[in-house]
Amino acid sequence: MSSAFSAEIELSLRMSLGKNFRAGDGNFYLLGLQVEEVVMVDADQILAAGKSGKPKAPGRFWEEGLSYAWDEPDEDGVFGLRVTGNFAFEFRHEKDLEKYTIDDGPLESVTIGWAIDGDSPKSIAKIHGLSASLSDVEDHEEFEGR
(Lines give C-alpha, C1' and ligand atoms only; values in the text may rest on other atoms or scores of the structure.)
Protein backbone atom coordinates (compact mmCIF):
# COMPACT_ATOMS: atom_id res chain seq x y z
CA MET A 1 0.00 0.00 0.00
CA SER A 2 1.02 3.57 -0.52
CA SER A 3 -0.28 7.11 -0.09
CA ALA A 4 -2.28 9.02 -2.68
CA PHE A 5 -4.90 11.68 -3.19
CA SER A 6 -7.94 11.58 -5.42
CA ALA A 7 -9.87 14.46 -6.93
CA GLU A 8 -12.27 15.57 -9.62
CA ILE A 9 -10.59 17.53 -12.40
CA GLU A 10 -12.10 20.03 -14.81
CA LEU A 11 -9.54 20.92 -17.46
CA SER A 12 -9.93 22.86 -20.68
CA LEU A 13 -6.91 23.80 -22.75
CA ARG A 14 -5.58 24.69 -26.16
CA MET A 15 -2.57 22.64 -27.15
CA SER A 16 -0.51 21.26 -30.02
CA LEU A 17 1.42 18.04 -30.60
CA GLY A 18 3.03 18.61 -33.99
CA LYS A 19 1.79 18.46 -37.56
CA ASN A 20 1.65 14.64 -37.79
CA PHE A 21 -0.57 14.24 -34.71
CA ARG A 22 -3.76 12.16 -35.19
CA ALA A 23 -5.87 11.97 -32.00
CA GLY A 24 -7.67 8.78 -33.01
CA ASP A 25 -4.39 6.89 -33.45
CA GLY A 26 -3.44 6.89 -29.75
CA ASN A 27 -4.30 8.10 -26.25
CA PHE A 28 -3.86 11.18 -24.09
CA TYR A 29 -2.19 10.90 -20.69
CA LEU A 30 -2.12 13.16 -17.65
CA LEU A 31 1.60 13.48 -16.82
CA GLY A 32 1.87 16.43 -14.45
CA LEU A 33 -0.14 18.82 -12.28
CA GLN A 34 1.23 21.93 -10.64
CA VAL A 35 -0.46 23.31 -7.53
CA GLU A 36 0.70 26.07 -5.21
CA GLU A 37 3.32 24.00 -3.34
CA VAL A 38 4.42 21.22 -5.68
CA VAL A 39 4.43 19.67 -9.14
CA MET A 40 3.04 16.13 -9.09
CA VAL A 41 4.57 14.31 -12.02
CA ASP A 42 4.48 10.83 -13.53
CA ALA A 43 7.67 9.17 -12.26
CA ASP A 44 8.67 8.21 -15.83
CA GLN A 45 8.21 11.78 -17.07
CA ILE A 46 10.08 13.91 -14.50
CA LEU A 47 11.80 16.00 -17.19
CA ALA A 48 8.47 16.70 -18.93
CA ALA A 49 7.31 18.78 -15.94
CA GLY A 50 9.74 21.55 -16.87
CA LYS A 51 11.43 24.04 -14.56
CA SER A 52 8.87 25.73 -12.34
CA GLY A 53 11.17 26.22 -9.35
CA LYS A 54 8.78 24.14 -7.25
CA PRO A 55 9.63 20.74 -5.83
CA LYS A 56 8.56 17.73 -7.89
CA ALA A 57 6.75 14.81 -6.30
CA PRO A 58 7.06 11.72 -8.51
CA GLY A 59 4.31 9.15 -8.63
CA ARG A 60 1.69 7.59 -10.84
CA PHE A 61 -1.62 8.87 -12.16
CA TRP A 62 -4.59 6.48 -12.03
CA GLU A 63 -6.89 7.78 -14.79
CA GLU A 64 -9.66 5.19 -15.14
CA GLY A 65 -12.29 7.79 -14.20
CA LEU A 66 -11.14 10.45 -16.70
CA SER A 67 -12.80 11.38 -19.95
CA TYR A 68 -10.90 13.10 -22.78
CA ALA A 69 -12.67 15.04 -25.55
CA TRP A 70 -10.92 17.04 -28.27
CA ASP A 71 -11.51 19.21 -31.32
CA GLU A 72 -9.87 18.76 -34.69
CA PRO A 73 -6.57 20.69 -34.97
CA ASP A 74 -6.63 23.99 -36.87
CA GLU A 75 -4.19 24.79 -39.69
CA ASP A 76 -1.46 25.50 -37.11
CA GLY A 77 -2.01 22.16 -35.36
CA VAL A 78 -3.63 23.78 -32.28
CA PHE A 79 -6.76 22.15 -30.85
CA GLY A 80 -8.92 22.15 -27.75
CA LEU A 81 -8.81 19.33 -25.20
CA ARG A 82 -11.23 18.84 -22.32
CA VAL A 83 -10.46 16.46 -19.46
CA THR A 84 -13.08 15.73 -16.81
CA GLY A 85 -13.68 13.16 -14.13
CA ASN A 86 -12.05 11.49 -11.16
CA PHE A 87 -8.42 10.41 -10.91
CA ALA A 88 -5.91 9.48 -8.24
CA PHE A 89 -2.24 10.33 -7.90
CA GLU A 90 -0.17 7.74 -6.04
CA PHE A 91 2.99 9.23 -4.53
CA ARG A 92 6.23 7.30 -4.98
CA HIS A 93 7.32 8.46 -1.51
CA GLU A 94 4.62 8.00 1.15
CA LYS A 95 5.80 11.04 3.15
CA ASP A 96 4.87 13.35 0.23
CA LEU A 97 1.16 13.09 1.12
CA GLU A 98 1.94 14.68 4.50
CA LYS A 99 4.62 17.02 3.14
CA TYR A 100 2.44 18.86 0.59
CA THR A 101 -1.04 20.35 0.78
CA ILE A 102 -3.28 19.67 -2.19
CA ASP A 103 -6.59 21.53 -1.98
CA ASP A 104 -9.62 22.23 -4.13
CA GLY A 105 -8.96 25.10 -6.50
CA PRO A 106 -7.16 26.12 -9.67
CA LEU A 107 -4.15 24.34 -11.14
CA GLU A 108 -1.17 26.48 -12.12
CA SER A 109 -0.14 24.23 -15.01
CA VAL A 110 -0.58 20.76 -16.44
CA THR A 111 1.51 18.41 -18.54
CA ILE A 112 -0.36 16.32 -21.10
CA GLY A 113 1.20 13.59 -23.19
CA TRP A 114 0.06 11.48 -26.10
CA ALA A 115 1.19 8.05 -27.25
CA ILE A 116 0.04 5.09 -29.31
CA ASP A 117 -0.36 3.08 -26.07
CA GLY A 118 0.72 3.15 -22.43
CA ASP A 119 4.04 1.43 -23.15
CA SER A 120 5.08 3.79 -25.96
CA PRO A 121 7.15 6.96 -25.46
CA LYS A 122 4.95 9.98 -24.74
CA SER A 123 4.90 13.11 -26.91
CA ILE A 124 4.58 16.15 -24.64
CA ALA A 125 1.98 18.73 -25.65
CA LYS A 126 2.74 22.42 -25.98
CA ILE A 127 0.07 24.27 -23.99
CA HIS A 128 -1.34 27.47 -25.56
CA GLY A 129 -4.05 28.27 -22.98
CA LEU A 130 -5.35 26.64 -19.82
CA SER A 131 -8.31 26.65 -17.45
CA ALA A 132 -8.03 23.90 -14.83
CA SER A 133 -9.22 23.15 -11.33
CA LEU A 134 -9.50 20.37 -8.79
CA SER A 135 -12.47 19.65 -6.54
CA ASP A 136 -13.41 16.97 -4.00
CA VAL A 137 -9.73 16.44 -3.10
CA GLU A 138 -9.36 13.54 -0.67
CA ASP A 139 -6.22 12.03 0.91
CA HIS A 140 -5.73 8.25 1.00
CA GLU A 141 -3.07 7.15 3.48
CA GLU A 142 -3.54 3.49 2.55
CA PHE A 143 -4.02 3.49 -1.21
CA GLU A 144 -4.18 0.37 -3.33
CA GLY A 145 -4.07 1.09 -7.08
CA ARG A 146 -7.32 0.41 -8.83
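User: Strands are DSSP runs of type E with at least two residues, numbered from the N terminus. In which strand does Glu-64 lie?

Analyst: The model is predicted. Its strand β4 covers residues 56–70. Position 64 falls in that range, and the strand that holds Glu-64 is β4.

User: Is Glu-64 buried or exposed?

Analyst: A residue counts as exposed when its relative accessible area is over 50%. Glu-64 has a relative accessible area of 54%. Because this value passes the cut-off, Glu-64 is exposed.

User: How far apart in space are Glu-64 and Phe-91?

Analyst: Glu-64 belongs to β4, while Phe-91 falls in β5, which spans residues 78–91. The two residues are separated by 27 positions in sequence. From C-alpha to C-alpha, the distance between Glu-64 and Phe-91 is 17 Å.

User: How many bridges pair β2 and β7?

Analyst: In the sheet order, β2 stands between β3 and β7. Towards β3 (residues 39–42), β2 runs antiparallel with 3 bridges, and Leu-33 has Met-40 as its bridge partner there. Towards β7 the pairing is also antiparallel, with Gly-32 partnered by Thr-111. The number of bridges between β2 and β7 is 7.

User: Is Gln-34 buried or exposed?

Analyst: Gln-34 is in strand β2, which spans residues 27–34. Beyond its neighbours within four places in sequence, Gln-34 is in contact with residues including Val-39, Ser-52 and Leu-107. Its relative accessibility is 9%, and the cut-off for burial is under 20%. Gln-34 is therefore buried.

User: How many of the 7 residues of β7 are buried?

Analyst: Strand β7 pairs with β2 and is also joined to β8, antiparallel, by 2 bridges. In the latter pairing, Gly-113 stands opposite Ile-124. Strand β7 is largely enclosed by the rest of the structure, because its buried residues number 6 of the 7.

User: Which residues have the most contacts inside the largest nonpolar core?

Analyst: In soluble globular proteins, nonpolar side chains tend to be buried together. The largest nonpolar core here has 35 residues. Elements giving two or more residues to this core include β1, β2, β7 and β9. The residues with the most contacts inside it are Phe-5, Phe-28, Phe-87 and Ile-112.

User: What radius of gyration does the protein have?

Analyst: The C-alpha atoms fill a box of roughly 45 × 30 × 25 Å along the principal axes. Buried residues make up 45% of the 146 residues. A compact globule with 146 residues would have a radius of gyration near 15 Å. The protein agrees with that expectation, because its radius of gyration is 15 Å.

Note on methods: Residues numbered from 1 in each chain as written. Predicted model: local features only at pLDDT ≥ 70, side-chain atom pairs only at ≥ 80, totals over all residues. Heavy atoms only, no water. Helix = DSSP H or I, 4+ residues; strand = E, 2+ residues; numbered from the N terminus. Buried < 20%, exposed > 50% of the residue type's maximum accessible area, 1.4 Å probe, protein only. Contact = heavy atoms within 4.5 Å. Pairing = 2+ DSSP bridges. Core = buried A, V, L, I, M, F, W, Y, C linked by side-chain atoms within 4.5 Å. Rg over C-alpha atoms; globule rule 2.2 N^0.38 Å.
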